[in-house]
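User: Please take a close look at a single part of this model, and describe in one connected account how that part is built and what surrounds it. I would like each term to come with its cut-offs.

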Amino acid sequence: MNPPAKPPNRLPWPPIIYGLAIAVAWGLGQYVPVRDANWPIAVRGLGGVAIIIGLVIDIGAMFALYKAKTTILPHRAASRLVTRWPFSMSRNPIYLGNALFLFGLSGVLSSLWLTLTTLISLLLVSRLAIRREEVHLQELFGAEWEAYRLKTPRWVWKF
């Protein structure tokens, strides 16, 4: 019997980072409000659409992981490589869905601070989670992972 795989991280960085993005944006908004933060209705409407798309992608990814009987937790070792939708359009659909949700929320709330903290969170998630998860998946799934990695973009499907 093979020993259990080593997890990619000790902490579940993505939910921590995205939660901090919201908290920091809220705090900055309280202490350093941005003047005239009432964005056009079209931007707020697009924000609502981004929220819905983000939720659809998140729920689809969670369902795909559940159906494959592998973990959704970013600090647990994977037991299967999932490549069906939405993993067929992005190697990181949950993080993509979360980012779309936050960008959408920033539009709906007319929050420049949330837009900025969401951008920073994308960099941190890439550095602290995605890179480590990809090494983890390479170690576990080898050639199968490499073939998937080459045909599926990290964030958004190829046009």
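Among the contacts in the protein chain between residues at least 6 apart in sequence, 77% join residues at least 24 apart, where a contact means heavy atoms within 4.5 Å. The model is a predicted one, in which local features need a pLDDT of at least 70 and side-chain atom pairs count only at pLDDT 80 or more, while totals for chains, interfaces and linings use all residues. Residues are numbered from 1 along each chain as its sequence is written, and side-chain values use heavy atoms, with hydrogens and water left out.

The setting comes first. The protein chain has four helices and zero strands, and its elements run α-α-α-α from the N terminus on; helices (H or I, at least four residues) and strands (E, at least two) are DSSP runs, numbered from the N terminus. Along the principal axes, the C-alpha atoms of the chain fill a box of roughly 60 × 30 × 25 Å. Of its 159 residues, 38% count as buried, a word that stands for a relative accessible area under 20%, with exposed meaning over 50% and partly exposed in between (1.4 Å probe, protein chains only).

Now to α3 itself, which covers residues 93-108. Its 16 residues should span 22 Å at 1.5 Å a residue, and its end C-alpha atoms are 22 Å apart, which agrees; the expected span is 1.5 Å times one less than the number of residues. Buried positions in α3 are Pro93, Ile94, Tyr95, Leu96, Gly97, Ala99, Leu102, Gly104, Ser106 and Gly107, and what covers them includes α1, α2 and α4. After α3 comes Ser110, whose phi is positive, near 55°.

Two of these neighbours can be described by their packing geometry. Two packed helices are described by the angle between their axes and the distance between the axes. For α1 and α3 the angle is about 5° and the axes are 11 Å apart, where axes are lines fitted to C-alpha atoms, for helices over the stretch in contact, and angles run from 0 to 180 degrees between N-to-C directions. The two helices are therefore roughly parallel to each other; angles under 35 degrees count as roughly parallel, over 145 as roughly antiparallel, 65 to 115 as roughly perpendicular and the rest as oblique. On the α1 side, Pro14, Tyr18, Ala21 and Ile22 meet Tyr95, Asn98, Ala99 and Leu102 of α3. By class, this contact has seven nonpolar, one polar and no charged residues, with Ala, Val, Leu, Ile, Met, Phe, Trp, Tyr, Cys and Pro taken as nonpolar, Asp, Glu, Lys and Arg as charged, and the others, Gly among them, as polar.

Towards α4, α3 packs at an angle of about 170°, with the axes 10 Å apart, and that makes α3 roughly antiparallel to α4. Here Tyr95, Ala99, Leu102, Phe103, Leu105 and Ser106 of α3 meet Leu114, Thr115, Thr118, Leu119, Leu122, Val125, Ala129, Ile130 and Glu133 of α4. The residues of this contact divide into eleven nonpolar, three polar and one charged.

Thr115 is buried, with a relative accessible area of 19%, and, not counting residues up to four places away in sequence, Thr115 touches Trp39, Phe103 and Ser106. Leu119, by contrast, is partly exposed, with a relative accessible area of 42%.

The remaining neighbour is α2 (residues 41-67), whose 27 residues reach 39 Å from the first C-alpha to the last, close to the 39 Å expected at 1.5 Å a residue. Gly47, Ala50, Ile51, Gly54, Ile57, Asp58, Gly60, Ala61, Ala64 and Leu65 are buried in α2, and what covers these residues includes α3. Just after α2, Lys69 takes a positive phi of about 60°.

Taken together, the cover of the buried residues of α3 includes α1, α2 and α4, with α1 roughly parallel to α3 and α3 packing against α4 at an angle of about 170°.
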